[in-house]
Amino acid sequence: MTTAKCSFKECGCNIIAVDYSKLVYLPAAVLDDYQLMQSTKSTDVDVNTKGPNTPFTLVTDVWAFDNIGVSKDIPPSIAPETGSQYTFQYENDQWDLVKCVKYMICAECDRGPIGMVCQIMTPDKSEEQMVYMLSLQSVQV
Ligand SMILES: [Zn+2]
């Protein structure tokens, strides 16, 4: 486990303990589509090993974070419903990213966004679930 921290040196707030065996990968275009902050700092851990995809740590419970800030609702113009544009593997199943409803920001310095709160569709397409997805390229790990 490594602790993801705010990428701003003067802040460095602890955000969450990252379990590298449970990362999910989305196409890197998601960083631009959702205008996530991209840290220019190189990381100690190689998190870029899945070609064109970018790693996220996904949790279902906001209390899994040490510190996190959540923004107001994202306007639909920025985060339209993506349908099944973004799919990803999680717990050996394929999930669809349906919609991102809020951004996550550093709880200490308010900088970000570093991730998003999303609705994802269960593999059997029966119901939606709310999850927290932190972009590891938007923080220091
Ligand atoms: Zn910060």
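This is a predicted model: local features need pLDDT of at least 70, side-chain atom pairs count only at pLDDT 80 or more; totals for chains, interfaces and linings use all residues.
Entry 1. Residues are numbered from 1 along each chain as its sequence is written, and side-chain values use heavy atoms, without hydrogens and water.

Entry 2. I then asked how many salt bridges the structure holds. The count is three, a salt bridge being a side-chain nitrogen of Lys or Arg within 4 Å of a carboxyl oxygen of Asp or Glu.

Entry 3. I found that D96 joins K125 in a salt bridge, with 2.6 Å from N to O. This pair links distant parts of the chain, as D96 is in strand β7 and K125 is in the loop between β8 and β9 (128–135), 29 residues apart. Strands (E, at least two residues) and helices (H or I, at least four) are DSSP runs, numbered from the N terminus. K125 is partly exposed, at 48% relative accessibility.

Entry 4. I turned to E10, which forms a salt bridge with R111; their closest N and O atoms are 3.0 Å apart. E10 is in the loop between β1 (2–5) and β2 (14–18), and R111 is in the loop between β7 (93–105) and β8 (115–121), so the pair ties together parts 101 residues apart in sequence. E10 is exposed at 62%, whereas R111 is partly exposed at 32%.

Entry 5. I looked up D73 and K102, a salt bridge whose closest N and O atoms are 2.7 Å apart. D73 lies in strand β5 (residues 69–73) and K102 in strand β7, so this pair ties together parts 29 residues apart in sequence. D73 counts as exposed at 54%, and K102 as partly exposed at 27%.

Entry 6. Lastly, I looked up the largest pocket, which has a volume of about 210 Å³. On a 1 Å grid over the protein atoms alone, a pocket is an open set of points with protein on both sides within 12 Å along at least five of seven lines, a cavity is a set where a 1.4 Å probe fits but cannot get out, and lining residues have an atom within 4 Å of a point. Among the lining residues I noted M1, I16, D19, K22 and Y90. Strand β4 gives the most to this lining, with three residues.

Methods:
Buried means under 20% relative accessible area, exposed over 50%, partly exposed in between (1.4 Å probe, protein chains only). Grid points are joined across faces, edges and corners, and a volume is the space filled by probe spheres set on the points.
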